[in-house]
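Morning, everyone. Please have the sequence and the model open while I talk.

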Amino acid sequence: MRYILHFINPCSLLISKKWKHKVKGSIMRRLNRKQTLKVVRELDAFAKVPEDYQEASAGGGTVALLTFSLIAVLVVSEVRFFLKSRMKYQYDVDADLNSKLQINADLTVAMHCAHLGADVVDISGDVAINYDNSMQTDPVYFAMSEEENEWHNTIRKIREAVAEEQAIQEVMLKAGYQGLTHDRPVPTKLEKPFDACRIHGSITVNKVAGNFHVTIGQNIPFNRGHAHISMIGKGVAQNFSHRIDHLSFGVPGTGVINPLDGDSKISNDSNMIYQYFLQVVPTKINTYRTKLNTYQYAVTEQERPIDHSAGSHGITGIFFKYELASLVISIDEYHDPYWQLLIRLCGIIGGVFATSGLFHLCLSSLYEIICCRLKKPKAPDDGGPVPVHQLPLTPAPSPPGITLPAPQ
């Protein structure tokens with residue numbers, strides 16, 4: 001037994017030493033953690049609001065509910081606005097001097113094709129004659145069928161809507177609107193002879209100011225110009241009433257609505273001259289759907305009867321006098337960067353929180369002021385015994401010869 005005790009005692013000493021080291025290490029770790037927390041608390045310079053200062057109320061809950069609802073609505077609307085692309089317009093000098101200009105036309109004149117001639121004369125004196133038949137003439141009826149009338153009115157309404165609201169043009173550019181020119185209904189052939197001429201197609205000219213006109217007689221060029229020889233005899237009426245289904249410059253662009261598409265002029269006077277003055281502007285379209293170099297134009301128009309005795313001179317017909325601007329317009333579609341969205345969301349959340357807190361504080365102060373003014377003080381109750389807890393504390397009389405200390 002003695003040997004066993006001698007063997008156990010050293011083991012117990014070893015175990016006790018290990019436990020002492022473990023306990024000591026845990027105590028030191030706890031002390032270090034407390035000191036660290038104490039240092040962190042001292043570094044926290046922001047004052048803490050005690051819990052007893054926070055008071056829950058129905059008004060505060062209502063303001064909080066309205067605040068979070070307003071933040072949710074504004075955040076959703078801001079994200080939807082961010083997801084929509086925008087159009088950027090830039091202006092620069094047109095440095096393209098060597099390219100050609102393409103004129104695209106589709107108009108109907110209330111005369112026979114044999115009595116009409118269409119050509120282009122530019123400012124340099126060059127005459128563009130339709131030798132390659134790119135500008136075609138087809139005999140048609142001037143009176144439109146129900147389908148043609150509906151198609152023509154649709155083009156006119158789109159043009160008028162774009163003229164009133166420019167945002168519609170941007171929507172069409174983003175959507176890549178192709179227009180209705182390729183959806184023209186096929187005219188119905190009647191038993192009566194044709195009474196009108198449809199002039200449609202494209203013709204390429206120099207990129208300078210010029211005059212595209214439709215007048216009486218076929219055109220005949222010569223060295224210093226050209227002439228129109230008319231084969232109209234007596235009894236053949238002249239009538240330049242016309243409809244313009246399409247008139248554009250350059251490659252027809254998607255989303256571009258031209259100011260003269262769907263226009264029409266009707267007159268019973270046989271000596272009318274119709275003049276359109278066009279200001280053509282080169283345009284570069286760069287959207288997510290299309291990239292195109294085309295042209296836009298603005299137009300002013302004038303019509304008058306030819307009466308030489310009254311000083312109104314000229315030649316009956318339809319004249320499109322165009323000039324090219326020296327500037328080029330670049331239309332680019334883009335999205336706002338993501339960091340702008342984050343800044344706007346932070347501004348919305350912080351601004352609504354600050355404004356709602358100020359609003360709630362003003363309403364609470366106003367409510368307290370009104371309630372304090374309307375609250376009447378209670379009159380003292382003279383009847384009945386006074387409760388014991390409201391009796392004045394007066395010291396009891398001391399016995400003679402004994403002095404009690406004054407109450408603290």
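The side chain of His246 makes a polar contact with the side chain of Ser248, at 2.8 Å. A polar contact here is a pair of N or O atoms within 3.5 Å; within protein, one must be able to donate a hydrogen and the other to accept it, and residues adjacent in sequence count only if both atoms are side-chain atoms. His246 sits in strand β10, residues 242–249. Strands (E, at least two residues) are DSSP runs, as are helices (H or I, at least four), numbered from the N terminus.

Some ground rules. This is a predicted model: local features need pLDDT of at least 70, side-chain atom pairs count only at pLDDT 80 or more, and totals for chains, interfaces and linings use all residues. Residues are numbered from 1 along each chain as its sequence is written, and side-chain values use heavy atoms, with hydrogens and water left out.

Is His246 buried or exposed? Buried, at 15% relative accessible area. The cut-offs are under 20% for buried, over 50% for exposed, and partly exposed in between (1.4 Å probe, protein chains only).

Now the cysteines. The structure holds 1 disulfide, meaning a pair of cysteine sulfur atoms within 2.5 Å. Cys113 and Cys197 form the disulfide, with sulfurs 2.2 Å apart. Cys113 lies in the loop between β2 (100–109) and β3 (116–122), and Cys197 in strand β6 (residues 196–206), so the pair ties together parts 84 residues apart in sequence. The S-S torsion is about 105°, so the disulfide is right-handed. Both Cys113 and Cys197 are buried. Cys346 is exposed, at 57% relative accessibility. Cys362 is partly exposed, at 45%.
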